[in-house]
Amino acid sequence: MTKTGPAPEGTGERREGKVLNVFSHGMLILWAFMVVMPLLWAVMTSFKTDREIFTSPWSLPTSLEFGNWSRAWTQAHMSDYFLNTVLVVGGSLIGTMLLGSMAAYVLARFTFPGNRFIYFLFIGGMSFPIILALVPLFYVMNNMALLNTLHGLILVYIAYSLPFTVFFLTAFFRTLPTSVAEAAFMDGASHTRTFFQVMLPMAKPGLISVGIFNFLGQWNQYMLPTVLNSEPEKKVLSQGLVQLAVSQGYKGDWSGLFAGLVMAMLPVLAAYIVFQRQVVAGLTAGALK
């Protein structure tokens, strides 16, 4: 007669772990499907004719209509909107990263009266709704003759992105070892040289992470340019897409509209695909150190 003993310890935990693992993987697959399929459908639709879009919206295009892209790029002025966006986002991203990293380094590595007060001012800027500042910001920009100018929009983007940049990089700079900076000071390096040649390269993962987040936010920004930049020749891509949706909708040129949508979407996807490892490394660096 055989005796049944108690189940080995840990068997139930392993079963629960397997069930949880299967469930989490299933949810991730479902989420990936929900995110990827609309993107693929938009890309596929941008190569269709208007007739195919309405008669067979879920089928593959019979032929690749590259004329949709050229028509959106030239006739819908997507090239002008794209150039304006690159200039504004490029200038604001450089300014945000430079000023934000310098402010974060000082707040993280030096102790002085008002340090915490300045830090919490930046934190408060993250919680302030931008919609409440639109009216006073409009009059300030108007008095400074910065309305409807690309450099004025660059300055606003920098001010808008600085609170999050300083908050993120301050926490990251605190995780860096102080011995390296002390060794640089002992070798005669100034504070400026230590920051640019020693500490800034060490903070590369954090800089890439916050840079990607700022790029995404500034590239997709719509409210600020709509209020502060109303001249047609200086509109950015988000404004151009709205104008394209209105104009192409009246013309019935839906294929050109989808082509313009994909044009605006591709740089964001490319940036994330290229730097996805650096983004994850920057977000987890503080927890691992």
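Helices here are DSSP runs of H or I with at least four residues, numbered from the N terminus. The model is predicted, so local features need pLDDT of at least 70 and side-chain atom pairs count only at pLDDT 80 or more, while totals for chains, interfaces and linings use all residues. Residues are numbered from 1 along each chain as its sequence is written, and side-chain values use heavy atoms, with hydrogens and water left out.

**Stop 1: two loops**

Select H77. It sits in the loop between helix 3 (67-74) and helix 4 (78-109). Check its backbone: phi is positive, about 60 degrees, although H77 is not a glycine. Is H77 buried, exposed or partly exposed? H77 is partly exposed, because its relative accessibility is 41%. (Buried means under 20% relative accessible area, exposed over 50%, and partly exposed in between, using a 1.4 Å probe and protein chains only.)

Now jump to A145. This residue is in the loop between helix 6 (134-143) and helix 7 (150-175). A145 is not a glycine either, and its phi is positive, near 60 degrees. A145 has a relative accessible area of 59%, so it counts as exposed.

**Stop 2: one side of helix 3**

Select N68, W69 and A72. These residues of helix 3 are buried. Look down the helix axis. They lie on the same side of helix 3, because they cover an arc of only 95 degrees around the axis. (The arc is taken from the directions that run from the helix axis to the C-beta atoms.)

**Stop 3: helix 8 against helix 9**

Color residues 178-186 as helix 8 and residues 191-202 as helix 9. Their axes come within 10 Å and cross at roughly 150 degrees. (Axes are lines fitted to C-alpha atoms, for helices over the stretch in contact; angles run from 0 to 180 degrees between N-to-C directions.)

Which residues make the contact? Helix 8 brings V180, A181, A184 and F185. Helix 9 brings H191, T194, V198, M199 and M202. (Contact means heavy atoms within 4.5 Å.) Sorted by type, the contact residues are 7 nonpolar, 2 polar and no charged. (Ala, Val, Leu, Ile, Met, Phe, Trp, Tyr, Cys and Pro count as nonpolar; Asp, Glu, Lys and Arg as charged; the others, Gly among them, as polar.)

**Stop 4: A203**

Move on to A203, in the loop between helix 9 and helix 10 (204-219). With a relative accessible area of 0%, A203 is buried. Setting aside neighbours within four places in sequence, A203 touches F172, F173 and L176.

**Stop 5: aromatic pairs**

Rings of Phe, Tyr and Trp (its six-membered ring) pair if their centres lie within 6.5 Å. Planes under 30 degrees apart count as stacked, over 60 as edge-to-face and the rest as tilted. How many aromatic pairs does this rule give? The count is 17.

Select W41 and W58. This pair is tilted, at 5.7 Å centre to centre and 40 degrees between the planes. W41 lies in helix 1 (residues 11-45) and W58 in the loop between helix 2 (50-55) and helix 3, so the pair ties together parts 17 residues apart in sequence. W41 is partly exposed at 26%; W58 is exposed at 71%.

Next, select Y105 and F195. They form a tilted pair, 5.0 Å centre to centre, with 50 degrees between the planes. Y105 belongs to helix 4 and F195 to helix 9, so this pair ties together parts 90 residues apart in sequence. Both residues, Y105 and F195, are buried.
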